[in-house]
Amino acid sequence: MSVLNQLFSNYVLNVALLSWLVAQLLKTIFTLVSTKELVLERLVGSGGMPSSHSSTVAGLTVAVARAFGFASPLFAVAFILAAIVMFDAMGVRRAAGEHAKVINKIVFDFKKFGNGDVIKFTKEMADDIDDEELELEDEDKLLKEFIGHTPLEVLAGALLGVLIAILMPVS
């Protein structure tokens, strides 16, 4: 059996990859519906609904359980990996995205209001800045804001991965 045949007949790998692909496609479709714009970056970008990271690791974990059993060491590794990835998506990466929003607004504020005078940046000033206007200003220098997930996005991704692993037949 060739290497390609082995790869394509690997149930666990196929579930994980399909879970990622479906999540990315759904993310792109949801963005298209909400913004009425086709944003191709959503096909590969992180952040948004559903979480493709969560979909991938949840699908992987359930596929390993189905193929090797819940008592296998492989399941233990997949489960711990899934827990770390999903926790990180809601915690550290989400916080980094929130920090990026604030930093982007501060940079925008200095460009908008700054004329050499010292400005005290307030929450009200940040709330007054239109996110769309901010995103259009100096796009190549803005920090990426969509890098983490809300708990709902992580849950949706995880459920998607589990569903795909259950629906795909074990080979």
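In helix α4, the residues F75, A78, A82, V85, M86 and A89 are buried, where buried means under 20% relative accessible area with a 1.4 Å probe and protein chains only, exposed means over 50%, and partly exposed lies in between. They cover an arc of only 100 degrees around the axis, so they sit on the same side of α4; the arc is taken from the directions from the helix axis to the C-beta atoms. Turned away from that buried side is a face with the exposed residues P73, V77, I84 and F87.

This is a predicted model, in which local features need pLDDT of at least 70 and side-chain atom pairs count only at pLDDT 80 or more, while totals for chains, interfaces and linings use all residues. Residues are numbered from 1 along each chain as its sequence is written, and side-chain values use heavy atoms, leaving out hydrogens and water.

Now step back to the whole protein. You will find 8 helices and 0 strands; helices (H or I, at least four residues) and strands (E, at least two) are DSSP runs, numbered from the N terminus. Of the 171 residues, 34% count as buried. Take contacts, meaning heavy atoms within 4.5 Å: among those between residues at least 6 apart in sequence, 70% join residues at least 24 apart.

Let's finish at V44, which lies in the loop between α2 (11-35) and α3 (52-68). V44 is exposed, with a relative accessible area of 63%.
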